[in-house]
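Morning, everyone. I have one structure to walk through today. Please keep the picture in view while I talk.

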Amino acid sequence: MSTNRHEALGLSDEQVLDMYKTMLLARKLDERMWLLNRAGKIPFVISCQGQEAAQVGAAFALDRTQDYVAPYYRDMGVVLAFGMTAKDLMLSAFAKAEDPNSGGRQMPSHFGQKENRIITGSSPVTTQVPHAVGFALAAKMEKKEFVSFVTLGEGSSNQGDFHEGLNFAGVHKLPVITMVENNKYAISVPVEKQLGNQKVSDRALGYGMPGFTVDGNDPLEIYKVVKEARERAINGEGPTLIEAVSYRLTAHSSDDDDRSYRNRDEVDEAKKLDSIFTFATYLKDLEILTDKIEAELTDEINQIVNEATDYAENAPYAEPESALDFVYEE
Ligand SMILES: Cc1ncc(C[n+]2csc(CCOP(=O)(O)OP(=O)(O)O)c2C)c(N)n1
Ligand SMILES: [Mg+2]
């Protein structure tokens, strides 16, 4: 009997189905958030759509009980895999008091949750890179067996923090994995106008670490490269830079209209590679995702999304006076 691709990576049928379920939950939550935004119920959405495979494939390759993640705003797949719930994410979208990320103080998608080792970030892009490098430095100094995993967009890989962070990690051989999610755009700027070279991963050479460019629509390819990066990191061999190439399927955010800077043919072409469909096809060909399982999964996810929406919509806002909490020493 020949082994299939996921078995060759040591993944069971249950694990790949769980990967798919996490990807689909991220997609369905994101789609619901757009509806809520257009209905005037939530102020802002910034999507994971098109990047779920890279996010979930990577998260599954990490130790989700030990490792720290410093995600960027599109990483709904990463934070769901690390234990944040649909309810938590909806509470953030509605900016309610119970939102574990910031109690509704930050914009949505500014993830942070201590109990799941999700490192809080801020709005200037790429500030999370030196933070993740700092966590990796702590792992090395305290001789602890964890790695830190940080993500950012390809446009953000031109920001100073990226270069300073990666250089420091390279010099000190720190256990940090950096994954650039290359979705071909930085708001309206196409990738050809962002990078002087072809590949973000080529920059790894300058910082003394291995660099890989991987198909970001293939969760198994991403799983493999992150798993190997983690092994090197734990063995004291230092950091890795990974570039996951996919495509941003939505506008940059709910506040722009991408028809003004890219044509529909290009988007339609990219949709043919959408991992939500291509990975489903992989699982269906192996009869891991049967019609029956797919129907059950759809029902289950719809229910999770509906319950999260209802709960968050009806949850109370923070008391106005609490805006000053944590601002001044008490
Ligand atoms: C330091 C800084 N400059 C500019 C911005 C405004 N901004 C927010 S997202 C973004 C584009 C980032 O593009 P990319 O890194 O490719 O990530 P993507 O949104 O495509 O995932 C910009 C310019 C910011 N948040 N921080
Ligand atoms: Mg981008």
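Start with two helices, helix 2 and helix 8. How do they sit relative to each other? Helix 2 covers residues 13-38, and its axis comes within 12 Å of the axis of helix 8. The two axes cross at roughly 110°. Angles from 65 to 115 degrees count as roughly perpendicular, so helix 2 and helix 8 are roughly perpendicular to each other. A word on the description itself. Two packed helices are described by the angle between their axes and the distance between the axes. And a caution: this is a predicted model.

Which residues meet there? From helix 2, take Val16, Met19 and Met23. From helix 8, take Pro219, Leu220 and Tyr223. Now sort the residues of this contact by type.

Strand 1 and strand 2 run parallel, and 3 bridges join them. Look for Val69: it stands opposite Phe149 in strand 2. Next step. Strand 2 and strand 3 also pair in the parallel sense, over 6 bridges. Here Thr151 has Met179 of strand 3 as its bridge partner. One more step.

How many of its residues are buried? 6 of the 6, so strand 2 is largely enclosed by the rest of the structure. Now the two directions. In a regular strand the side chains alternate between the two faces of the sheet. In strand 2, Ser148, Val150 and Leu152 point one way. Phe149, Thr151 and Gly153 point the other way. Both sets are buried.

Now the loops. Begin with the one between strand 3 and strand 4, where we find Asn183. Is Asn183 buried or exposed? Buried means under 20% relative accessible area. Asn183 has 2% relative accessibility, so it counts as buried. Its side chain makes a polar contact of 2.9 Å with the side chain of Gln51. Leaving aside neighbours within four places in sequence, Asn183 has several contacts, among them Tyr72, Arg74, Glu154 and Tyr247.

Lys184 is in the loop between strand 3 and strand 4 too. Lys184 is partly exposed, because its relative accessibility is 31%. Check its backbone: phi is positive, about 75°, although Lys184 is not a glycine.

Compare Lys143. This residue lies in the loop between helix 6 and strand 2. Lys143 has a positive phi as well, near 50°, and is a residue other than glycine. Its relative accessible area is 75%, so Lys143 is exposed.

Another loop, between strand 5 and strand 6, holds Leu195. At 9% relative accessibility, Leu195 counts as buried. What does Leu195 touch? Not counting residues up to four places away in sequence, Leu195 touches Glu154, Ser157, Asn158, Val200 and Arg203. Glu154 is also in contact with Asn183. For scale, Leu195 and Met179 are 16 residues apart in sequence and 16 Å apart in space, C-alpha to C-alpha.

Last stop: Ser322, in the segment after helix 11. Ser322 counts as buried, because its relative accessibility is 17%. A polar atom of its side chain lies 2.7 Å from the backbone oxygen of Glu319.

So, what to take away? Helix 2 and helix 8 are roughly perpendicular to each other.

Notes: Residues numbered from 1 in each chain as written. Chains lettered and ligands numbered in written order. Predicted model: local features only at pLDDT ≥ 70, side-chain atom pairs only at ≥ 80, totals over all residues. Heavy atoms only, no water. Helix = DSSP H or I, 4+ residues; strand = E, 2+ residues; numbered from the N terminus. Buried < 20%, exposed > 50% of the residue type's maximum accessible area, 1.4 Å probe, protein only. Polar contact = N/O pair within 3.5 Å; in protein donor to acceptor, adjacent residues only side chain to side chain. Contact = heavy atoms within 4.5 Å. Axes fitted to C-alpha atoms, helices over the stretch in contact; angles between N-to-C directions. Parallel < 35°, antiparallel > 145°, perpendicular 65-115°, else oblique. Pairing = 2+ DSSP bridges.
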